[in-house]
Amino acid sequence: MIEQFATDYTLAEQRLQGAGDDQSSIHYPTVFLYIGEEIAEAIKPMMEANSLRWANNAGVVYCHVGGSGEGSAAGSSEGFGDEAVNRFTIALAGLYEEPTDRRTARAEIGRRFHEAREHLARLNRALRSINDAISDYGRMYASFDRLHLAVITRADDPMNILVPDIALLAESIFATLFKSVQTDLFILLQEREQTESFGYAAAAGVGFLRELERFQHPGFTYSEPLQMTGDGLRIPVSHGPAPLFDLVYLLSDRNEKGMTPRGGMAQNYEAICRILLLKNRSIQDMEHHDHSGSYNNTSFKNSLRAESGKMGYVSAGLAGVQRPAYAIALTVLYHLLDGVIVRLQAPPELDEKEKLHVFGIDMDALERTVAECIPGEERLEDMKGLMTSGCRFDDLRGKTLEEAGKLLFGDSCESFFKKHYDEPAGQRLQRMDVAGGMRRALERSARSHPHISFYHLFKWTDEGQADGEVTGAVRDRMRELSGSIQHVQEELDEVAAMRVEDLKFARVPFMDKRNMRSFIHAYIDAVYGLRREKLQMETELSLYRRYALELEMLHQWNRVRLERLNDLRSKLKKEAQHSIAQGDGYIGQNVFDYYERVTAEVIRELEEKRGGQVLFEERYIGHVLELLEQGEAALVERLIAVCRRDILTSAKFSLAFEEELLQRANVSVAYDNRRALPKEELFRQLYRMLEEHATIHIRLFDYTHKNRYEEHYMFGDRESEFIRYALHTGDSARIHKLGCLHEERRSGVERLHLMGGFHLEDLLYYRHAKPFYEAYVQDGYKFHAMDDEQLPPLT
């Protein structure tokens, strides 16, 4: 749930429909044609990228020609954001089956394609369906005069042997609807070692590049009966003499420096989408802006032509700077929970007596309650009427009170006290619902003191801490009662050992019966009066022990909930810090500290408008303890809802990316501090970072080869301070063209680096893989469906 929240926020930030952002439109219809099994993984990322950036993305068609699965030509509509995207999958059944001898696998695909009529029939039907689908979306485009066709394949995919056939068939069918079709080829190179297919993949890649040299030659001609009618009649498709593709782009998973950047192939997918936007940007979008820095395809092509007339190939690199939205979302989520916990811990202004009252503990009231549990002193009067043994008073002389009591009453006094005092007191104590009374008291306190949280209940019942005032007060009272009970017991022991003669009562000479009655009254009052007092204290102590037990159980119950809450906080913090660490160190600087401050400010503004307890209202987070009882997910869900609705929508999260980055860079520096990063220095660092990270994704043998031609384009708001700085920085010393594709967006900026003019022999990929190709060919492997003499020689 946490990851989905961060992903959703990232996509919402990237979707250029937010405040201050706008989507671009493409001018002419566009078809992405993916050929081969290996390229399938590129389709979905490119569909998603275009759905974020192209306003008329719903009219774009994505067609995948593969060889696995059942023979079919299915069209579907996939949803990205609020748009449905047309996707066609053409499975040429049997074409891609691996023959018993891998030596002829690639050549066999070419042979089967031309020999099996069902493959051509299926392709023809699918491509005509695409024509119909494009015409259904005609209202989305400014012009229907031209179609942009982007053919995308992997160099090591054996099915790319069909690239000329499929591309020319597609062009011929699309030409029935459009005046012209501009076709570009994008070749993806996998340079990371592929353990299972080591050597063979490199050899297959060189085989395709050798064919590329053939069909990109100015004298290339082609004529094959590729079109097929519904009745099975075949119509020739012809081409040339001319290069097959307008431009050919080679993009590797390694950059010009030889490094493999994180998500290197994914960066290539993004670069292809930006290139097509650059070449096919809506003229209406551009008409209000300076055209001096706009892309001109004809001019670019002419700059790639060598003195010999041979057209060079192109590569590209893409770098972007934008708010680290994923890390921001997780960081804000953590700081919101942290703010909730801080508010749960805010100490209420209550004295000890009020805190005890929260738990239903009122010491004065408890003393009165216990006193009501103990039968009154009138029962002692009844004890004084018990039958005696009939002995004379003189028989008691010289005896202790304990001895005298046994001589007079035997066990009857003890039995009477037990029956009329001990047992009723025990029964009344047993009937007292301590747990229920405490629960009801806590419920009343929750209503009357909503600022008291389970954190306070935990803290006040912590016996091991000085802050555990409630448990401490109960324990103090228990110690006090224990001391008093011990003191009374000592008094009882002293009274029991006292001589009868020492007991104070009225004596009358020669009045034995009267003296006996006086003694009995004094004896009962002295001994059982203390016993009743002791019983009352013991009953009160038992009651406090039950309270102490309930407090301990409540403390442990709250401890578990607090540990779960703190574990969740630690988990969110770890996720936030991990996401920050995963991003660019410069772009992600101070995210944690800056958004701690921003989140706190937004919450404070919310509290000023709606009250200090607003976060704990049902419309917001609500009752944290109840949510914890439902599970972590319930609490996280409410936190996410508040983040989405009340925090991330604040204007503080809508700053232009350069302004936000500047504030983050200076988050710990006072406004007037000279160490604060100036805006010009920030722009300089951003410019250098974009330049360094936009390194082209191809490795060349000679970095400064003489035919090298470069153009750079910024994607962003032309009127923003940073774009203006970038366009005019180093004007005099700049050796490449720097243009801007204007987009009204505040969330970031991108730099696309186009470099062309190199040839096959300049590629390190080609130089390193050529020995594998030669070795496999010498060993009898057949990579081509034509004779070697028809192919250009290896350079």
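Guide: Let us begin with accessibility: a residue is called buried under 20% relative accessible area, exposed over 50%, and partly exposed in between. The model before us is predicted, and Asp 476, with a relative accessible area of 42%, is therefore partly exposed.

Visitor: Which residue forms a salt bridge with Asp 476, and how far apart are the closest N and O atoms?

Guide: In general, side chains of opposite charge can pair when their charged atoms come close. Here the partner of Asp 476 is Arg 479, with the closest N and O atoms 2.3 Å apart; the two residues lie three residues apart in helix H18 (residues 469-497), so that about one helical turn separates them. Arg 479 is exposed, at a relative accessible area of 53%.

Visitor: Which salt bridges link distant parts of the chain?

Guide: One of them joins Glu 211 to Arg 106, with the closest N and O atoms 2.8 Å apart; Glu 211 belongs to helix H6 (residues 200-215) and Arg 106 to helix H3 (residues 105-115), 105 residues apart. Glu 211 counts as buried at 6% relative accessibility, and Arg 106 counts as buried at 1%. Another pairs Glu 38 with Arg 154, at 4.0 Å between the closest N and O atoms, and it connects the loop between strand E1 (30-35) and helix H2 (43-53) with strand E5 (residues 146-154), the two residues being 116 residues apart. Glu 38 is partly exposed, at 36%, whereas Arg 154 is buried, at 6%.

Visitor: How many salt bridges does the structure hold?

Guide: The structure holds 39 salt bridges.

Note on methods. Residues numbered from 1 in each chain as written. Predicted model: local features only at pLDDT ≥ 70, side-chain atom pairs only at ≥ 80, totals over all residues. Heavy atoms only, no water. Salt bridge = Lys/Arg side-chain N within 4 Å of Asp/Glu carboxyl O. Helix = DSSP H or I, 4+ residues; strand = E, 2+ residues; numbered from the N terminus. Buried < 20%, exposed > 50% of the residue type's maximum accessible area, 1.4 Å probe, protein only.
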